[in-house]
Amino acid sequence: MAGDGCELAEESEFFVKFWGVRGSIACPGHEYERYGGNTSCLEIRCKDQLLAFDAGTGLRRLGAHLKVNGTPNDGLEADLFLTHTHHDHIIGLPFFVPMFDPKNRVRIWAGHLAPDSHLHDVLCRFMAAPLFPVPPKIFAANVSYHDFVSGETLEPRPGVRLRTAPLNHPNGATGYRVEFEGRSICYVTDTEHDPKKLDRNILELIDGADMMIYDCSYTDEEFSQYKGWGHSTWQEGARLCDEAGVKRLVIFHHDPSHDDDFLDGVAEQAEKLRPGSVVAREGTVLTP
Ligand SMILES: [Zn+2]
Ligand SMILES: [Zn+2]
């Protein structure tokens, strides 16, 4: 089955680990046990450098893992890149334990807000009474907030290059391409496609990449019911990968209505259409 056999040792120097693979809302329950119910969160390691993508409920577990396994004595240094600030992509932020240790340094980045608004202001509105008990100033870590404009190239760490592109999503979103030592991982969620033509911005971003993690909320068969909701299909992900010469499609941002059995079916069909495709599960580790 696609997805099995792809879990690789964490000693690899460049890898992605999935801590949350679900879209829209966290889904606890026995029918989500195998693929996982936490919302979007990825850990990408470039040697000893830690990058995280999105702060869905999966970020809480990444934080717990880092507390036990990954924090040097002089503190942790992490860059957290947000695709956008819809709830399912930020709800885990106040529950990320590294934010509460004054030794840690966390930089948070977003490309969909500038120049009209700013990430820090948006997070202050999110963590505010009467919707949330404490504001972001509760964070004890050294936290900095960085706005950029989707399309810019970022070089947050030596040897790590991030290309970015704007995505078609209500209120905007940013797609990322992480390049390290000649290999590349693309992270493209949340985005809605036009069934009549492939998205130029995405094709340019993912051109020749080793891997694309894509917003596969729906199937092509379901898509017409969800026009304007800002999401795409796994078949569109396959078409984009074919056109751009991407090696591996990773099916991600699973809709809450897609339980384990449904996703097994997607994995089977995806393996036929594009062998080597992976349906992301919590805990999956992939190297590009
Ligand atoms: Zn989402
Ligand atoms: Zn969204």
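The radius of gyration, as used here, is taken over the C-alpha atoms, and the rule for a globule is 2.2 Å times the number of residues to the power 0.38. For a chain of 288 residues, a compact globule would have a radius of gyration near 19 Å; this chain has 18 Å, which agrees. Please keep in mind throughout that we are looking at a predicted model.

Let me begin with the chain as a whole. Along the principal axes, its C-alpha atoms fill a box of roughly 50 × 40 × 40 Å. The chain contains seven helices and 14 strands. Of its 288 residues, 58% count as buried. If we take the contacts between residues at least 6 apart in sequence, 69% of them join residues at least 24 apart. The accessible surface comes to about 12,200 Å², and carbon and sulfur atoms account for 51% of that surface.

I now turn to the metal ions. Which residues coordinate the zinc ion (ligand 1)? They are Asp88 and Asp190, each through OD, together with His89 and His253, each through NE2, at 2.1 to 2.2 Å. Along the chain these donors follow the spacing D-H-x100-D-x62-H. Histidine 89 belongs to helix H2, residues 87-90, while histidine 253 sits in the loop between strand S12 (248-252) and helix H7 (260-273), so the pair ties together parts that are 164 residues apart in sequence.

The zinc ion (ligand 2) lies 3.8 Å from the zinc ion (ligand 1). Its donors are His84 through NE2, His86 through ND1 and His169 through NE2, at 2.1 to 2.3 Å. In sequence, these donor residues are spaced H-x1-H-x82-H.

Aspartate 190 is joined to threonine 189 by a cis peptide bond, with omega at about -10°. This aspartate is found in the loop between strand S10 (183-188) and H4. Histidine 253 has a phi near 60°, a positive value in a residue other than glycine. The relative accessible area of histidine 253 is 0%, and the residue is buried.

Elsewhere, the peptide bond from alanine 114 to proline 115 is also cis, with omega near 0°. Proline 115 is placed in the loop between S5 and H3. Glutamate 181 is not a glycine, yet its phi is positive, at about 45°. This glutamate occupies the loop between strand S9 (173-180) and S10, and at 45% relative accessibility it counts as partly exposed.

In helix H3, residues 119-126, the buried residues include Leu119, Val122, Leu123 and Phe126. Seen down the axis of H3, the buried residues fall within an arc of 95°, so they line one face of the helix.

How many residues of helix H6 (residues 234-244) are buried? Eight of the 11 are, so this helix is largely enclosed by the rest of the structure. Among them are Trp234, Gln235, Glu236, Leu240 and Cys241. Helix H4 (200-206), strand S11 (211-215), helix H5 (220-223), S12 and H7 are included in what covers the buried residues of H6. Just after H6 comes glycine 245, which takes a positive phi of about 70°.

To close, I return to the pair of metal ions. Thank you for your attention.

Methods. Residues are numbered from 1 along each chain as its sequence is written. Chains are lettered from A and ligands numbered from 1 in the order in which they are written. This is a predicted model: local features need pLDDT of at least 70, side-chain atom pairs count only at pLDDT 80 or more; totals for chains, interfaces and linings use all residues. Side-chain values use heavy atoms; hydrogens and water are left out. Donors are N, O and S atoms within 2.8 Å of the metal (3.2 Å for Na, K and Ca); water is not among the atoms, so sites may look incomplete. Helices (H or I, at least four residues) and strands (E, at least two) are DSSP runs, numbered from the N terminus. Buried means under 20% relative accessible area, exposed over 50%, partly exposed in between (1.4 Å probe, protein chains only). Contact means heavy atoms within 4.5 Å. Accessible areas come from the Shrake-Rupley method with a 1.4 Å probe; for residues, only the protein chains shown count as cover. The arc is that of the directions from the helix axis to the C-beta atoms.
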